[in-house]
Amino acid sequence: MADTNGHLYAELGDLARYLDTTLRKLDDAGAPLTTMSAQLPQAATHLEGLTKLTEEGTHEVMRLTEELQDSHAIVLGQLRKALMAVDNNENTPCVACLLRESQQLVAQEDKQLIGSRDRLAGTLTKVAETLTKGQTGGCVACTLTQSIHSLSQDDKRLIEIMTALSFQDLVAQRVKKLTTIVHDVERKLLELVVVFGLKHENATPEIKTDATDMLKQLKATNETAMKQNLVDDILGKFGFN
Amino acid sequence: MPADPAMKILVVDDMSTMRRIVKNILKQLGYANVEEAENGQEGLTKLQGGGFGFVISDWNMPVMTGIDMLRAVRADEAIKKIPVLMVTAEAQQENLIEAVKAGVSNYIVKPFTAETLQEKINKIFP
C-alpha cells in the first residue's frame, strides 16, 4: 500500500512538473504570438497602401498617355488637312502654317517619346520650309503621308501602354486576396493568444474561411488560368464564332 | 449588324484604372459614348434606365458581381437582349462555362490587348 502511494505521489509530481513546464513554455510562446498578431494589421495596411500607390502611379501614366493621344489627334487632323491641300494644289503658305502648328505641338510633347518626336518634328520642319519657299509637289505629299503613318504607329504604341497598365488591376485583385488572408490569420492568431495555443493543428479540423477560398483562388490563378486562345477554343465549342 | 459608333456603352468595373483603360480603348476604336459603373448593382440600375446598346463588365466586384448582373440582365425582359462582354481575371474553365450558361456574349481574360477587344466587338456586332 505504501509502495503504491509512493508511486502515485511520484507520478503526480511528474505530472505537476510537466504541467508547470508546459505553462512556462506557453507563456514564452505567448509574447511572440502577441507581437505577431499586433504586426499583422500593419502588414494588411501596407498591402492596402501598395494598391493605392500603384493605382495613383497608374493614373498618372494614364493622364500623360491621354494627353499625348489628344495632342496626336490634333496633329494628325492638321497633317491630313495639309495633305489634302497639297493634293489639291491649294494655298501653300496656309499649308505651311498648319505644318508649323503641328511641329510645335509635337515639340511640346512629353520627353518620353523623344526619338520618335524629334524625327517627326524634323520632318515637319523640312516640309514647312519647302512649302514656304514655294516648292510643292509629290515629294511633299509623300513626306506628309510618312508623317501621318509615323504618328499612327505612335498611337498604337500609346494604346499598348494603356493596356499594359491593366497590370495594376491584376495586382490589386491579388493584394485584396492577400489582405483577406492576413486578416484571417490575424483572427486565428488572436484566438491562439487567448487560449495559449491549446487548439492547434490536428486538434481541430480545417475550418473553411474566406482565407481558405482566397488561397485556393490564388493557387488556381497560378496553375489553371486559361490564356485567351484557349478561352476562344472553348467559346468556339459553344457556338461562338 | 456592325456596331454603331454612337451606341451608348456601359463599362462596369470596381477598379478605376480598368474602367479608364477600357474607356480609352473604346475611344480609340471610335466609341465615345461611354458610361461607367462601379459594381453590378449600379450597372444594372443604369441599364434599366435605358439607352444602352452594349455592356463590358468585370466579374469580381463588391455589392453585385458581374455574373450576377449578367443573370439579372438576361432575366429582365426590357434589357435582356443587350450584348454583355465579360472582361475578367477569372480565367478558370468553370468560370467561362458559368458565364456561357448565364448568357454572356463573349469573354476576354485579363490582361488583354486593344486588338482582342476590337475582335470581340466585331464578333458581337458582325
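Two residues are taken to be in contact if their C-beta atoms, placed from the backbone, lie within 7 Å, and the views below show a predicted model.

**View 1. The buried side of helix H4 of chain B and what covers it.** The buried residues of H4(B) are B:Asn95, B:Leu96 and B:Ala99, and because they cover an arc of only 100 degrees around the axis, they lie on the same side of H4(B). What covers these buried residues includes H7 of chain A, together with H3, S4 and strand S5 (106–109) of chain B.

**View 2. The opposite face of H4(B) and the residue that follows the helix.** Turned away from the buried side, this face of H4(B) carries the exposed residues B:Glu94, B:Ile97 and B:Lys101. After H4(B) comes B:Gly103, whose phi is positive, near 100 degrees.

**View 3. Helix H3 (residues 66–75) of chain B.** Here B:Gly66, B:Ile67, B:Met69, B:Leu70 and B:Val73 are buried, and, seen down the axis of H3(B), they fall within an arc of 155 degrees, so they line one face of the helix. The cover over the buried residues of H3(B) includes strand S1 (8–12), helix H2 (40–48), strand S3 (52–57), strand S4 (84–88) and helix H4 (93–102) of chain B.

**View 4. The contact between chain A and chain B.** Chain A gives 27 residues to the contact and chain B gives 26 residues. On the side of chain A that touches chain B, at least two residues come from each of several helices, among them helix H1 (2–87) and helix H7 (228–237), while H5(A) supplies the largest share, 6 residues. The residues of this side of chain A divide into 15 nonpolar, 9 polar and 3 charged.

Key. Residues numbered from 1 in each chain as written. Chains lettered and ligands numbered in written order. Predicted model: local features only at pLDDT ≥ 70, side-chain atom pairs only at ≥ 80, totals over all residues. Helix = DSSP H or I, 4+ residues; strand = E, 2+ residues; numbered from the N terminus. Nonpolar A, V, L, I, M, F, W, Y, C, P; charged D, E, K, R; others polar. Buried ≥ 20, exposed ≤ 12 C-beta atoms within 10 Å, placed from the backbone. Arc of directions from axis to C-beta.
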